[in-house]
Amino acid sequence: MPLSQSYLSSIAVVSGKVIAVESYPNDSSLLKVKFEVYESIKGIKIKEFFILNPDTAPTMCTIYLHPGEEFLVYLYEDQILKKPFLSYCSRWFPLDYIQQDDEEIPLLKQLKQLDLGSALTFEVDFRSSDFSSGLWKLKTSSSTPAYAVFEVSVDRLNYWNDVQVLKGFGDKLDEELIDKLENTGWAIEDFSDNEIPTVCRFFIILKNSQYPNSMNYHLSVF
């Protein structure tokens, strides 16, 4: 899942250490993870979250966590428990691995400063949209900033899009991107018990990176 969608959908993004993994008396298919938070990047304060119990859950998509392990985790609200939850398909990384990444942690710190709000109750399909498929046509270079963040508001009733630049690439490229964002037919889906709002507000992160073994650069959804 792109970082844009993971960050939008999460109720908390935190780094820290697993203190204990315990059974959950109310539901044998779950385990409770006690977690020492090193840094809270987004959302609610947590001391614990839940995962599926690999021994009893009716699925193979489970994860194994052990005391002492350190992670960066994107936590979501379980629709039944109404508590922070980490699944196999969530965005999560061993902390020593992600700290070697020169993109994700610095970008998360920038997003924290932008204060982009609480978790969304809908999902935006970024990669299958006509916006994503046309990004390769836009010209970038080594002098273009590494990433940009745009806020998009989609009025589903009146069929209009509004776009704000939160952190841009530069005037000309930003103008082209705003035009594309405003004219994209966004696929928005419900993934919670809440109704999709009439005006859906979300943000999209775009990354400028170099093609392997090439001097050329391109944009992609991050």
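Leaving out neighbours within four places in sequence, Asn161 is in contact with Ser153, Val154, Leu181, Glu182, Asn183, Thr184 and Trp186, contact meaning heavy atoms within 4.5 Å. This is a predicted model, where local features need pLDDT of at least 70 and side-chain atom pairs count only at pLDDT 80 or more, while totals for chains, interfaces and linings use all residues. Residues are numbered from 1 along each chain as its sequence is written, and side-chain values use heavy atoms, with hydrogens and water left out.

So where does Asn161 sit? It lies in strand 9; helices (H or I, at least four residues) and strands (E, at least two) are DSSP runs, numbered from the N terminus. Asn161 is buried, at a relative accessible area of 15%. Buried here means under 20% relative accessible area, exposed means over 50%, and partly exposed is in between (1.4 Å probe, protein chains only). The Asn161 side chain reaches two backbone oxygens: that of Leu181 at 3.3 Å and that of Thr184 at 2.9 Å. Both are listed as polar contacts, that is, pairs of N or O atoms within 3.5 Å; within protein, one must be able to donate a hydrogen and the other to accept it, and residues adjacent in sequence count only if both atoms are side-chain atoms.

### The sheet and its helices

An open sheet of 4 strands runs in the order 9-8-11-12, with antiparallel pairing; two strands pair if DSSP finds at least two bridges between them. Strand 9 (160–167) and strand 12 (217–221) stand at the edges with a single partner strand each, so one side of each has no neighbour in the sheet. On average, neighbouring strands of this sheet are turned by 25° against each other, direction ignored. Axes are lines fitted to C-alpha atoms, for helices over the stretch in contact, and angles run from 0 to 180 degrees between N-to-C directions.

Strand 8 (residues 147–155) pairs with strand 9 in the antiparallel sense over 7 bridges, and Ser153 stands opposite Asp162 in strand 9. Helix 3 (residues 104–114) packs on the sheet and touches strand 8, strand 9 and strand 11, its direction making about 45° with that of strand 8. Helix 5 packs on the sheet too, touching strand 8, strand 9, strand 11 and strand 12, and its direction makes about 150° with that of strand 9.

Over at the other pairing, strand 11 and strand 12 are antiparallel over 5 bridges, with Asn208 opposite Leu219 in strand 12. These two strands form a hairpin with 6 residues between them, and Asn213 in the turn has a positive phi of about 55°. Asn213 is exposed, with a relative accessible area of 87%. Ser209, back in strand 11, is buried at 16% relative accessible area. Not counting residues up to four places away in sequence, Ser209 touches Asn216, Tyr217 and His218. The C-alpha atoms of Ser209 and Tyr97 are separated by 20 Å, and the two residues are 112 apart along the chain.

Another non-glycine with a positive phi is Lys82, at about 60°. Lys82 is found in the loop between strand 4 (70–77) and strand 5 (84–85) and is partly exposed, with a relative accessible area of 44%.

### Rings and charges

A pair of aromatic rings is described by the distance of the centres and the angle of the planes. Rings of Phe, Tyr and Trp (its six-membered ring) pair if their centres lie within 6.5 Å; planes under 30 degrees apart count as stacked, over 60 as edge-to-face and the rest as tilted. The count by this rule comes to 7 aromatic pairs. One of them is Trp186 with Phe202, edge-to-face at 5.4 Å centre to centre and 75° between the planes. Trp186 lies in the loop between helix 5 (171–182) and strand 10 (188–190), and Phe202 in strand 11 (residues 199–210), so the pair ties together parts that are 16 residues apart in sequence. Trp186 is buried at 11% relative accessible area, and Phe202 is buried at 2%. Phe131, Trp186 and Phe202 form one aromatic cluster.

A charge sits over a ring if NZ of Lys or CZ of Arg is within 6 Å of the ring centre and within 35 degrees of the ring normal.

| Lysine | Ring | Distance from ring centre |
|---|---|---|
| Lys42 | Tyr7 | 5.0 Å |
| Lys167 | Tyr147 | 5.4 Å |
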